[in-house]
Amino acid sequence: MSSVKRFILRPVAVVLMTIGFLSACAVVVDEPRPGPGPVRPPGPQMCTMEYAPVCGERGNRMRTFPNACHARADGFRVVHRGECRADFRPPAEQACTREFAPVCGERGARRQTFPNACVARAEGFRVVAPGECRRGDDRPPPQFCTSEFAPVCGQRAGRLRTFPNACEARADGFSVVHPGECR
């Protein structure tokens, strides 16, 4: 009978010790504080190995990460998708008036009319002329084409290029030289 008591008393003692140990633990709850939260998530961060590069920023330092989770885990704020570039400037928060003073803006090969210079700059365009963009500019106005596949060879300033159809060639400012691919 004494072996039965010992067998029953041991699990009871283990349970009582566990309860005593757990009662000594304290749970701390962080109440939200006013102001910005912590940059780095608390505790270890588990991230996938997915490769979807992002550019992160912390202070004046910019760094490319394999994905957004890795950037946040290292305390960086994701600035944009893709790798960090030397010429990147984060868009400044800018409030523009509703004044109507049209300007022609340019970004790369694209020209667009904006209601005012502030709106053009906020969209990342460089103001190239006051007023609306004119049709006489070196770029044709935007044109919508079908996705028909009837290849043509187009030419502009001595440069030949194959297009999926004549509409696409004209929309890019090329003249159709002949049907079919360029040779």
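Predicted model: local features only at pLDDT ≥ 70, side-chain atom pairs only at ≥ 80, totals over all residues.

Residues are numbered from 1 along each chain as its sequence is written, and side-chain values use heavy atoms, with hydrogens and water left out.

Me: How many salt bridges does a search of the whole structure find?
Reply: Side chains of opposite charge can pair when their charged atoms come close. A salt bridge is counted when a side-chain nitrogen of Lys or Arg lies within 4 Å of a carboxyl oxygen of Asp or Glu. In the whole structure, the number of salt bridges found is 5.

Me: Which strands hold Glu 57 and Arg 77?
Reply: The side chains of these two residues, Glu 57 and Arg 77, form a salt bridge with N to O at 2.4 Å. Strands (E, at least two residues) and helices (H or I, at least four) are DSSP runs numbered from the N terminus. The pair ties together parts 20 residues apart in sequence, because Glu 57 lies in strand 1 (residues 54–58) and Arg 77 in strand 3 (residues 77–81).

Me: Is Glu 57 buried or exposed?
Reply: Buried means under 20% relative accessible area, exposed over 50%, and partly exposed in between (1.4 Å probe, protein chains only). Arg 77 has 47% and is partly exposed. Glu 57 has a relative accessible area of 17%, so the word for Glu 57 is buried.

Me: Which residues are linked with Glu 106 in a network of salt bridges?
Reply: Glu 106 is buried, at 11% relative accessible area. Its side chain meets that of Arg 126 in a salt bridge (2.6 Å, N to O). The residues linked with Glu 106 in the network are Arg 111 and Arg 126.

Me: Where does Asp 172 lie?
Reply: Asp 172 forms a salt bridge with Arg 161, with the closest N and O atoms 3.1 Å apart. Arg 161 is in strand 8 (residues 159–163), and Asp 172 is in the loop between helix 4 (166–171) and strand 9 (175–179).

Me: Which element of the protein chain has the lowest mean pLDDT?
Reply: pLDDT is the predictor's confidence in each residue, from 0 to 100. The protein chain averages 76. Among its elements, strand 9 has the highest mean, 92, and the lowest, 55, belongs to helix 1 (residues 2–23).
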